[in-house]
Amino acid sequence: MEQRAAARRSVPGAQAVARAAALLRLVTAAADGVSLQELSRRSGLSRSTAHRLLTALRLEGLVDQDEASALWMPGPELYLMGNVAAARYDITELARDIVRSLAVKTEESAFLSARRADETVCLLREEGSFPIRSFVLSEGVRFPLGVASAGLAILAFLPDHDVDAYLERHPELPERWGAAHAEKPLRRRLRETKERGYAVNPGLIVAGSWGMGAAVFDREGRPEWALSLTCVEFRFGPDRIGQLGRTLLSHAHQLSSRIAGSRR
(Lines give C-alpha, C1' and ligand atoms only; values in the text may rest on other atoms or scores of the structure.)
Protein backbone atom coordinates (compact mmCIF):
# COMPACT_ATOMS: atom_id res chain seq x y z
CA MET A 1 0.00 0.00 0.00
CA GLU A 2 2.84 2.41 0.81
CA GLN A 3 4.43 1.59 -2.55
CA ARG A 4 1.12 2.35 -4.25
CA ALA A 5 0.89 5.73 -2.53
CA ALA A 6 4.46 6.56 -3.54
CA ALA A 7 3.68 5.60 -7.14
CA ARG A 8 0.70 7.95 -7.17
CA ARG A 9 2.97 10.81 -6.16
CA SER A 10 5.62 10.04 -8.79
CA VAL A 11 3.62 8.93 -11.86
CA PRO A 12 2.01 11.74 -13.89
CA GLY A 13 -1.79 11.44 -13.90
CA ALA A 14 -1.85 8.77 -11.17
CA GLN A 15 -3.77 10.99 -8.75
CA ALA A 16 -6.58 11.57 -11.25
CA VAL A 17 -6.79 7.84 -11.96
CA ALA A 18 -6.89 7.08 -8.22
CA ARG A 19 -9.72 9.58 -7.70
CA ALA A 20 -11.69 8.15 -10.61
CA ALA A 21 -11.14 4.61 -9.30
CA ALA A 22 -12.36 5.66 -5.85
CA LEU A 23 -15.56 7.05 -7.40
CA LEU A 24 -16.06 3.83 -9.37
CA ARG A 25 -15.80 1.79 -6.19
CA LEU A 26 -18.34 4.01 -4.43
CA VAL A 27 -20.76 3.82 -7.36
CA THR A 28 -20.54 0.04 -7.60
CA ALA A 29 -21.00 -0.31 -3.83
CA ALA A 30 -24.43 1.41 -3.98
CA ALA A 31 -26.95 -1.12 -5.29
CA ASP A 32 -29.69 1.46 -5.96
CA GLY A 33 -27.53 4.35 -7.14
CA VAL A 34 -25.84 7.18 -5.26
CA SER A 35 -26.11 10.96 -5.41
CA LEU A 36 -23.36 13.38 -6.37
CA GLN A 37 -23.52 14.90 -2.90
CA GLU A 38 -22.96 11.51 -1.25
CA LEU A 39 -20.14 10.63 -3.64
CA SER A 40 -18.47 13.94 -2.88
CA ARG A 41 -18.79 13.36 0.86
CA ARG A 42 -17.52 9.77 0.85
CA SER A 43 -14.64 10.41 -1.54
CA GLY A 44 -13.49 13.63 0.08
CA LEU A 45 -13.62 15.36 -3.31
CA SER A 46 -15.33 18.66 -4.00
CA ARG A 47 -18.66 18.44 -5.84
CA SER A 48 -17.16 20.06 -8.92
CA THR A 49 -14.21 17.64 -9.04
CA ALA A 50 -16.45 14.62 -8.45
CA HIS A 51 -18.88 15.78 -11.15
CA ARG A 52 -16.06 16.37 -13.64
CA LEU A 53 -14.63 12.89 -13.09
CA LEU A 54 -18.06 11.24 -13.20
CA THR A 55 -18.85 12.99 -16.46
CA ALA A 56 -15.60 11.69 -17.98
CA LEU A 57 -16.37 8.18 -16.71
CA ARG A 58 -19.86 8.41 -18.17
CA LEU A 59 -18.49 9.30 -21.60
CA GLU A 60 -16.47 6.06 -21.45
CA GLY A 61 -19.50 4.03 -20.39
CA LEU A 62 -18.06 3.20 -16.97
CA VAL A 63 -20.85 4.93 -15.03
CA ASP A 64 -24.35 6.04 -15.92
CA GLN A 65 -26.81 8.54 -14.47
CA ASP A 66 -30.52 7.93 -14.03
CA GLU A 67 -32.41 10.73 -15.75
CA ALA A 68 -35.29 10.77 -13.27
CA SER A 69 -33.40 10.56 -9.97
CA ALA A 70 -29.97 11.90 -11.07
CA LEU A 71 -28.38 9.03 -9.13
CA TRP A 72 -25.11 7.59 -10.42
CA MET A 73 -24.93 3.87 -11.24
CA PRO A 74 -22.47 1.40 -12.81
CA GLY A 75 -22.20 1.70 -16.60
CA PRO A 76 -22.37 -0.99 -19.29
CA GLU A 77 -18.61 -1.06 -19.89
CA LEU A 78 -18.07 -2.27 -16.34
CA TYR A 79 -20.18 -5.34 -17.09
CA LEU A 80 -18.12 -6.16 -20.17
CA MET A 81 -14.82 -5.58 -18.37
CA GLY A 82 -16.01 -7.59 -15.41
CA ASN A 83 -16.78 -10.61 -17.55
CA VAL A 84 -13.25 -10.56 -18.97
CA ALA A 85 -11.59 -10.06 -15.57
CA ALA A 86 -13.70 -12.81 -13.99
CA ALA A 87 -11.89 -15.44 -16.02
CA ARG A 88 -8.74 -14.63 -14.04
CA TYR A 89 -9.85 -13.31 -10.68
CA ASP A 90 -13.30 -14.72 -9.94
CA ILE A 91 -13.18 -17.85 -7.81
CA THR A 92 -16.95 -18.19 -7.38
CA GLU A 93 -17.14 -21.36 -9.46
CA LEU A 94 -14.33 -22.91 -7.42
CA ALA A 95 -16.08 -21.90 -4.21
CA ARG A 96 -19.78 -22.38 -4.97
CA ASP A 97 -20.16 -25.96 -3.71
CA ILE A 98 -18.03 -25.19 -0.63
CA VAL A 99 -20.21 -22.20 0.29
CA ARG A 100 -23.30 -24.35 -0.25
CA SER A 101 -21.86 -27.11 1.95
CA LEU A 102 -21.12 -24.54 4.68
CA ALA A 103 -24.74 -23.34 4.60
CA VAL A 104 -26.11 -26.89 4.68
CA LYS A 105 -23.92 -28.08 7.56
CA THR A 106 -24.46 -25.01 9.75
CA GLU A 107 -28.04 -24.18 8.66
CA GLU A 108 -26.96 -20.51 8.56
CA SER A 109 -26.47 -18.06 5.69
CA ALA A 110 -22.99 -18.55 4.22
CA PHE A 111 -20.92 -16.14 2.12
CA LEU A 112 -17.78 -15.77 0.05
CA SER A 113 -16.17 -12.32 0.09
CA ALA A 114 -13.08 -11.05 -1.75
CA ARG A 115 -10.58 -8.44 -0.71
CA ARG A 116 -10.56 -5.39 -2.98
CA ALA A 117 -7.96 -2.86 -1.79
CA ASP A 118 -9.15 -1.68 1.65
CA GLU A 119 -12.56 -3.34 1.42
CA THR A 120 -14.27 -6.68 1.08
CA VAL A 121 -17.01 -7.28 -1.46
CA CYS A 122 -19.47 -10.17 -1.18
CA LEU A 123 -19.38 -12.49 -4.20
CA LEU A 124 -21.66 -15.35 -3.15
CA ARG A 125 -24.54 -15.86 -0.71
CA GLU A 126 -26.07 -19.24 0.10
CA GLU A 127 -29.08 -19.51 2.40
CA GLY A 128 -29.17 -22.02 5.24
CA SER A 129 -32.28 -23.87 6.33
CA PHE A 130 -32.85 -21.89 9.54
CA PRO A 131 -35.88 -19.66 8.82
CA ILE A 132 -34.68 -16.50 10.62
CA ARG A 133 -32.00 -14.78 8.54
CA SER A 134 -29.79 -11.73 8.62
CA PHE A 135 -29.70 -9.54 5.51
CA VAL A 136 -26.69 -7.40 6.44
CA LEU A 137 -24.68 -9.04 3.67
CA SER A 138 -25.54 -9.94 0.07
CA GLU A 139 -23.82 -10.08 -3.31
CA GLY A 140 -22.10 -6.79 -4.17
CA VAL A 141 -22.16 -5.33 -0.65
CA ARG A 142 -18.84 -3.84 0.46
CA PHE A 143 -17.42 -3.21 3.91
CA PRO A 144 -14.08 -1.76 5.02
CA LEU A 145 -11.56 -4.31 6.25
CA GLY A 146 -11.98 -4.90 9.97
CA VAL A 147 -15.71 -4.11 10.05
CA ALA A 148 -17.65 -7.21 8.95
CA SER A 149 -16.39 -10.64 10.03
CA ALA A 150 -14.95 -11.43 6.57
CA GLY A 151 -12.86 -8.26 6.53
CA LEU A 152 -11.81 -8.78 10.15
CA ALA A 153 -10.54 -12.28 9.29
CA ILE A 154 -8.59 -10.99 6.28
CA LEU A 155 -7.09 -8.01 8.12
CA ALA A 156 -5.99 -10.22 11.03
CA PHE A 157 -3.78 -12.33 8.78
CA LEU A 158 -2.14 -9.48 6.88
CA PRO A 159 1.45 -8.57 7.83
CA ASP A 160 1.70 -6.22 10.82
CA HIS A 161 3.04 -3.34 8.71
CA ASP A 162 0.02 -3.62 6.38
CA VAL A 163 -2.34 -3.51 9.36
CA ASP A 164 -0.54 -0.43 10.73
CA ALA A 165 -0.74 1.31 7.34
CA TYR A 166 -4.43 0.45 6.97
CA LEU A 167 -5.35 1.90 10.36
CA GLU A 168 -3.32 5.02 9.60
CA ARG A 169 -5.23 5.48 6.33
CA HIS A 170 -8.65 5.06 7.95
CA PRO A 171 -8.99 7.13 11.12
CA GLU A 172 -12.69 7.56 10.21
CA LEU A 173 -13.65 3.98 11.15
CA PRO A 174 -14.91 4.70 14.71
CA GLU A 175 -16.86 7.76 13.59
CA ARG A 176 -18.60 5.86 10.81
CA TRP A 177 -18.92 2.38 12.35
CA GLY A 178 -18.89 3.03 16.09
CA ALA A 179 -16.44 3.18 18.98
CA ALA A 180 -15.79 -0.58 18.78
CA HIS A 181 -13.86 0.15 15.57
CA ALA A 182 -11.39 2.54 17.19
CA GLU A 183 -7.79 1.37 16.94
CA LYS A 184 -7.43 -0.15 20.41
CA PRO A 185 -10.56 -2.39 20.42
CA LEU A 186 -10.05 -3.27 16.76
CA ARG A 187 -6.47 -4.40 17.39
CA ARG A 188 -7.73 -6.50 20.29
CA ARG A 189 -10.26 -8.26 18.02
CA LEU A 190 -7.53 -8.80 15.42
CA ARG A 191 -5.35 -10.54 18.04
CA GLU A 192 -8.27 -12.69 19.17
CA THR A 193 -9.06 -13.59 15.58
CA LYS A 194 -5.50 -14.69 14.90
CA GLU A 195 -5.41 -16.77 18.08
CA ARG A 196 -8.77 -18.45 17.36
CA GLY A 197 -8.26 -18.74 13.62
CA TYR A 198 -11.63 -17.15 12.84
CA ALA A 199 -13.31 -13.79 13.45
CA VAL A 200 -16.45 -13.10 15.45
CA ASN A 201 -18.57 -9.98 14.95
CA PRO A 202 -20.96 -9.72 17.93
CA GLY A 203 -23.62 -7.52 16.35
CA LEU A 204 -21.34 -4.53 15.77
CA ILE A 205 -22.92 -3.59 12.40
CA VAL A 206 -26.57 -4.33 13.18
CA ALA A 207 -27.62 -5.13 16.75
CA GLY A 208 -28.60 -8.76 17.14
CA SER A 209 -27.01 -9.85 13.85
CA TRP A 210 -23.80 -11.80 14.49
CA GLY A 211 -21.17 -12.94 12.03
CA MET A 212 -18.17 -15.25 11.86
CA GLY A 213 -15.43 -15.23 9.23
CA ALA A 214 -12.38 -17.28 8.23
CA ALA A 215 -9.68 -16.15 5.83
CA VAL A 216 -9.03 -17.96 2.55
CA PHE A 217 -5.47 -17.76 1.19
CA ASP A 218 -3.97 -17.60 -2.28
CA ARG A 219 -1.00 -19.66 -3.47
CA GLU A 220 1.47 -17.27 -1.84
CA GLY A 221 -0.29 -17.44 1.51
CA ARG A 222 -1.98 -14.05 1.28
CA PRO A 223 -5.50 -13.67 2.74
CA GLU A 224 -7.41 -12.54 -0.36
CA TRP A 225 -10.89 -13.98 0.39
CA ALA A 226 -13.00 -15.07 3.33
CA LEU A 227 -15.88 -17.42 4.09
CA SER A 228 -18.39 -16.15 6.61
CA LEU A 229 -21.65 -16.98 8.39
CA THR A 230 -24.36 -14.66 9.67
CA CYS A 231 -27.45 -15.21 11.77
CA VAL A 232 -29.35 -13.88 14.77
CA GLU A 233 -27.53 -13.64 18.10
CA PHE A 234 -29.15 -16.55 19.93
CA ARG A 235 -27.89 -18.95 17.23
CA PHE A 236 -24.28 -18.04 18.06
CA GLY A 237 -24.30 -18.98 21.73
CA PRO A 238 -21.11 -20.09 23.54
CA ASP A 239 -22.05 -23.78 23.28
CA ARG A 240 -22.33 -23.58 19.49
CA ILE A 241 -19.83 -20.98 18.41
CA GLY A 242 -16.83 -23.29 18.73
CA GLN A 243 -18.52 -25.91 16.58
CA LEU A 244 -19.39 -23.30 13.96
CA GLY A 245 -15.83 -22.00 14.03
CA ARG A 246 -14.36 -25.43 13.39
CA THR A 247 -16.76 -26.03 10.50
CA LEU A 248 -15.96 -22.61 9.05
CA LEU A 249 -12.21 -23.18 9.29
CA SER A 250 -12.39 -26.61 7.64
CA HIS A 251 -14.31 -25.17 4.68
CA ALA A 252 -11.90 -22.22 4.41
CA HIS A 253 -8.95 -24.63 4.40
CA GLN A 254 -10.64 -26.73 1.71
CA LEU A 255 -11.11 -23.66 -0.49
CA SER A 256 -7.52 -22.45 0.08
CA SER A 257 -6.26 -25.89 -0.97
CA ARG A 258 -8.48 -25.87 -4.03
CA ILE A 259 -7.20 -22.42 -5.06
CA ALA A 260 -3.60 -23.53 -4.57
CA GLY A 261 -4.20 -26.48 -6.88
CA SER A 262 -6.03 -24.54 -9.58
CA ARG A 263 -4.52 -22.84 -12.63
CA ARG A 264 -5.82 -19.39 -11.69
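**Figure 1. Ala260, a partly exposed residue of helix α11**. Ala260 counts as partly exposed because its relative accessibility is 43% (buried means under 20% relative accessible area, exposed over 50%, partly exposed in between, with a 1.4 Å probe and protein chains only). The residue belongs to helix α11, residues 238-261 (helices, H or I, of at least four residues and strands, E, of at least two are DSSP runs, numbered from the N terminus). A separation of 4.8 Å lies between the C-alpha atoms of Ala260 and Arg219, which are 41 residues apart along the chain. The model is predicted, so local features need pLDDT of at least 70 and side-chain atom pairs count only at pLDDT 80 or more, while totals for chains, interfaces and linings use all residues. Residues are numbered from 1 along each chain as its sequence is written, and side-chain values use heavy atoms, with hydrogens and water left out.

**Figure 2. The buried and exposed faces of helix α10**. Helix α10 comprises 14 residues, 183-196, and reaches 20 Å from its first C-alpha to its last, close to the expected 20 Å (1.5 Å times one less than the number of residues). Its buried residues are Pro185, Leu186, Arg189, Leu190 and Thr193. These residues are on the same side of α10 because they cover an arc of only 145° around the axis (the arc of the directions from the helix axis to the C-beta atoms). The face turned away from this buried side carries the exposed residues Lys184 and Glu195. Among the elements that cover the buried residues are α7 (149-156), α8 (160-169), α9 (173-177) and β6 (199-201). Just after α10, Gly197 has a positive phi of about 100°.

**Figure 3. The crossing of helices α2 and α4**. The axes of α2 (residues 14-29) and α4 (residues 47-59) come within 10 Å and cross at roughly 80° (axes are lines fitted to C-alpha atoms, for helices over the stretch in contact, and angles run from 0 to 180 degrees between N-to-C directions). The two helices are therefore roughly perpendicular (65 to 115 degrees; angles under 35 count as roughly parallel, over 145 as roughly antiparallel and the rest as oblique). Ala16, Arg19, Ala20, Leu23, Leu24 and Val27 of α2 make the contact with Thr49, Ala50, Leu53, Leu54 and Leu57 of α4 (contact means heavy atoms within 4.5 Å).
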